[in-house]
Every structure is written in C-alpha cells, then in structure tokens.
Amino acid sequence: MNEYHRRQAEWHEREHYRAGSPRNPDNSHPAVAWLNGFRLRKLLELLPEPLAGRTVLSLCGGDGQEGDLLRRQGARVTVADLSRVGLAAARLRHADLRVVSADSERLPFPDAVFDWVVVRDGLHHLEHPRQGLAEMARTARRGFALLEGQDSRAVRLLVRLGVGSDHEPSGNFVYRFRREELARFFATVP
C-alpha cells in the first residue's frame with residue numbers, strides 16, 4: 001500500500017470505522033437522513049434489473065453499508081476497500097458479505113467477473129479516480145453504477161461560499177467528474 005492509500009485508510013479508520021461494529025450513518029438532521037436514503041434508493045433505481053441472484057462488487061465499500069443494502073435485494077455481494085477495520089465491520093454487519101482488501105485503482109479480479117459494480121462517494125478519495133472508473137468498467141459484466149459529486153457551477157459556487165470544499169479532512173483532493181468527461185469515457189466502454 002502506498003503512502004497516499006495508507007493515509008486514506010488510517011483517516012477513515014480513525015473517523016468512521018470501528019473494528020467492533022459497523023457505523024450508523026449520521027441521520028441526526030432530517031435533511032441528512034432524507035439525502036442518505038434518497039441516494040441509496042437512487043443507486044437501486046440506476047440499475048436496470050433486479051439484483052436477485054446477481055453478483056455485485058461494492059467498490060470503496062468500507063464497512064458494508066451499501067453492500068448490505070444490495071445483499072437485501074438478493075445480490076451476492078463482495079465489498080472491496082483498503083481499510084481492514086472497515087472490512088471487519090462489514091463482516092459484522094452481515095456474514096453473507098464477502099470482503100476483500102483491495103486497491104480500487106488496481107482490482108485483483110479478472111475481467112467481467114461481477115454482474116454489477118457500484119460505488120457511492122468513493123472514487124473521489126482515490127489518488128487516480130479515472131483509473132478507479134476504468135477498473136469498474138473492466139470488472140463489470142453487465143454494467144456499473146456511479147454515485148459521486150459532479151463538477152458543476154452549483155458545486156463550484158458552494159465551494160466558493162464555504163459550504164463545500166475541494167479538499168477533505170482525510171487529505172485528499174475531492175475529484176469531481178464532469179458530465180462531458182463521463183460521456184467520453186462511456187463512449188469508449190464496449
């Protein structure tokens with residue numbers, strides 16, 4: 001694990017993951033609770049078919065929150081993350097979650113091994129987010145779903161107003177894909 005990855009894993013282990021238990025999302029504010037639920041429902045809506053019986057990779061899956069949601073839809077889920085503490089918590093969340101310590105920029109899986117690959121708010125933590133996106137496309141047989149903040153005028157305004165930030169406390173630059181960038185990428189994926 002390189003220094004950048006080590007720092008990311010250590011920060012998430014210190015701030016989010018606990019070895020003895022999975023975290024509960026911060027739903028203390030009604031707007032945050034609504035947004036957390038909305039984004040997970042949107043993740044499921046993005047997929048054009050039911051997940052029952054399908055294999056799914058939850059990339060940057062941390063302590064298995066998304067993975068457990070996907071498992072409850074009937075999928076056979078693998079959670080991949082750099083944080084061993086997060087993965088241990090994912091195992092505690094549900095024993096049916098397969099967990100793999102993996103670098104999302106260089107996944108240890110063969111091509112087209114999962115029906116679906118999903119990520120929610122994970123690629124922007126990567127040192128090379130475009131490589132993570134390419135790995136999603138490479139390992140997915142049917143397709144992938146990506147829920148990440150995008151580069152837009154509204155987001156840039158929020159950053160200028162101090163509501164958002166281009167850097168996270170974990171030390172990473174918050175990479176935001178542009179729609180045009182994603183359209184070019186998708187045009188190259190068979």
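## Helix α5 and Ala 137

Helices are DSSP runs of H or I that hold at least four residues, numbered from the N terminus. Ala 137 sits in one of them, helix α5. The model described here is predicted.

Is Ala 137 buried or exposed? Its relative accessible area is 19%. Buried means under 20%, so Ala 137 counts as buried. Leave out residues up to four places away in sequence, and Ala 137 touches Phe 144, Phe 185 and Val 189. Tyr 17 is another matter. Ala 137 and Tyr 17 are 120 residues apart along the chain, and their C-alpha atoms are separated by 28 Å.

## Where α5 meets α7

Helix α5 spans residues 129-139. Helix α7 spans residues 179-188. The axes of the two helices, α5 and α7, come within 12 Å. They cross at roughly 35 degrees. The crossing of α5 past α7 is right-handed.

Which residues make the contact? From α5 come Arg 130, Leu 133, Ala 134 and Ala 137. From α7 come Glu 181, Leu 182 and Phe 185. Ala 137 and Phe 185 are both on this list, and Phe 185 is also among the residues that Ala 137 touches.

Glu 181 is buried, at 8% relative accessibility. Arg 178 is partly exposed, at 32%.

## Salt bridges across the chain

How many salt bridges does the structure hold? The count is 17. One of them joins the side chains of Glu 49 and Arg 142, at 2.6 Å from N to O. This pair links distant parts of the chain, 93 residues apart. Glu 49 lies in the loop between α2 (30-46) and β1, while Arg 142 lies in strand β5 (residues 140-147). Glu 49 is buried, with a relative accessible area of 16%. Arg 142 is partly exposed, with 42%.

Another salt bridge pairs the side chains of Arg 120 and Glu 66, at 2.4 Å from N to O.

Some bridges share partners. Elsewhere, salt bridges with shared partners join Glu 49, Arg 54 and Arg 142 into one network.

Leu 87 is in helix α4 (residues 84-93). It is buried, with a relative accessible area of 4%. Setting aside neighbours within four places in sequence, Leu 87 is in contact with Gly 62, Val 79, Ala 80, Asp 81, Val 99, Val 100 and Ser 101. Glu 49 is 38 residues from Leu 87 along the chain, and their C-alpha atoms are separated by 27 Å.

His 125 is in a loop, the one between β4 and α5. It is buried too, with a relative accessible area of 16%. What does His 125 contact beyond its neighbours within four places in sequence? The list is Tyr 4, Gln 8, His 12, Glu 168, Ser 170 and Asn 172.

## Two positive phi angles

Most residues other than glycine have a negative phi. Cys 60 is not a glycine, yet its phi is positive, about 55 degrees. Cys 60 lies in the loop between β1 (55-59) and α3 (65-72). It is buried, with a relative accessible area of 18%.

Asp 121 is not a glycine either, and it has a positive phi of about 55 degrees. Where is Asp 121 found? It is in the loop between β4 (114-120) and α5. Asp 121 is partly exposed, at 29% relative accessibility.

Four residues make a nonpolar surface patch: Leu 157, Leu 158, Leu 161 and Val 163. The patch covers about 390 Å².

Val 163 lies in the loop between α6 (153-160) and α7. Is Val 163 buried or exposed? Its relative accessibility is 63%. Exposed means over 50%, so Val 163 counts as exposed.

Definitions and conventions. Residues are numbered from 1 along each chain as its sequence is written. This is a predicted model: local features need pLDDT of at least 70, side-chain atom pairs count only at pLDDT 80 or more; totals for chains, interfaces and linings use all residues. Side-chain values use heavy atoms; hydrogens and water are left out. Patches are made of residues with over 30% relative accessible area and no salt bridge: like charges are joined within 9 Å, nonpolar side chains (Val, Leu, Ile, Met, Phe, Trp, Tyr) within 5 Å. Accessible areas come from the Shrake-Rupley method with a 1.4 Å probe; for residues, only the protein chains shown count as cover. Buried means under 20% relative accessible area, exposed over 50%, partly exposed in between (1.4 Å probe, protein chains only). Axes are lines fitted to C-alpha atoms, for helices over the stretch in contact, and angles run from 0 to 180 degrees between N-to-C directions. A crossing is left-handed if the near helix is turned anticlockwise from the far one by less than a right angle, and right-handed if clockwise. Contact means heavy atoms within 4.5 Å.
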